[in-house]
Amino acid sequence: MNENSGVDYAVPWIPGKPIHGSSGVGIILQSNHPDYIPGDLVTASTGWPWTKYFIQDLPKSESADKTFQKLDKTMFGQKPSLGLSFIVGLTALIGLWEKGHIVEGANQTLVVSGAAGATGSLAGQMGRLLGCSRVIGICGTDEKCCWLTKNLNFDGTINYRTDNIGEKLKQLCPNGIDVYFDNVGGDISEAVIKQMNTNSHVILCGQISVYNKDVPYPPPLSSDTIAVVKENKITRERFLVLHYKDQFEKAMQQLMQWILSEKIQYKETVAEGIENTGQAFVSMMKGGNIGKQIVHVSDAEL
């Protein structure tokens, strides 16, 4: 809604034009492009407009950096929205690969904030599959905490609204913290960083607690937390999955393998109808969703 979005992968909204959101899944109804035929199920990680139908102009020969990515209808045909979970799955997996420095058998502890959201819930499960011996999730309700431990096999959880985060971290992470998948920033992240081990790593994925504040990204830390980062040689670098498109295919194959073998679970919170998009967004920003918040716009049929 600002004149400048502040990032290179999203443009400001233009009055009178359809709003471009982030990711979406849809069906090709008509096509004059050689790469697509009616019935193809496609997704896009950025720029999907909030509308029931739209026309997309594509060059006759698309580069490897394609506007749309086709989804396998044998896997996604019965549940197209799973394609949206795959997109956040790419963020979780490539973030862990690139910034987590997880070593199987190294007895590492992973802490995930925003752990009951779309990316966080997958990151926790994937961290375990990649080799972390202990996974702790931070979220905002007892219901979410219960879901993480009973359904996703997190070793422990912290309700940041009711628990003393620092004290609970000491109880749940007796050997300190080696990897922190940071989705929220703010006071929660400061508390986690202060208990991280030497040569540990912060995966700076999101900072939802400070998005409405006029601060640079990544937001600055307090002076005492900065001292901990320096003393313990903690890496804390911004991560954007769109910078790693060369790894998408490899990550997709790994995600598909894990989902088909039921090694990872996902959950959706669904709002029905495009007219409820605003309400769904506000609810998501307040933590009202478990798993991926999606809006079901329509069921397109040829």
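The model is predicted, so local features need pLDDT of at least 70 and side-chain atom pairs count only at pLDDT 80 or more, while totals for chains, interfaces and linings use all residues. Residues are numbered from 1 along each chain as its sequence is written, and side-chain values use heavy atoms, with hydrogens and water left out. The structure has two cavities of 30 Å³ or more. A cavity here is a set of points, on a 1 Å grid over the protein atoms alone, where a 1.4 Å probe fits but cannot get out; lining residues have an atom within 4 Å of a point. Grid points are joined across faces, edges and corners, and a volume is the space filled by probe spheres set on the points.

**Largest cavity**
- The volume comes to about 50 Å³.
- Lining this cavity are Ser-85, Phe-86, Leu-122, Leu-255, Ile-259, Ile-264, Gln-265 and Tyr-266.
- Helix 2 (82-100) and helix 8 (248-260) are the elements giving two or more residues to that lining; helices are DSSP runs (H or I, at least four residues), numbered from the N terminus.
- Six lining residues are nonpolar, two are polar and none is charged (Ala, Val, Leu, Ile, Met, Phe, Trp, Tyr, Cys and Pro count as nonpolar, Asp, Glu, Lys and Arg as charged, and the others, Gly among them, as polar).

**Second largest cavity**
- This one has a volume of about 40 Å³.
- Its lining includes Ser-85, Leu-122, Gln-265 and Tyr-266, along with Lys-267 and Lys-292.
- Helix 3 (118-130) and helix 2 each supply at least two lining residues, and helix 3 gives the most, with three.
- The lining splits into four nonpolar, four polar and two charged residues.

How values were computed. On a 1 Å grid over the protein atoms alone, a cavity is a set of points where a 1.4 Å probe fits but cannot get out, and a pocket is an open set with protein on both sides within 12 Å along at least five of seven lines; lining residues have an atom within 4 Å of a point.
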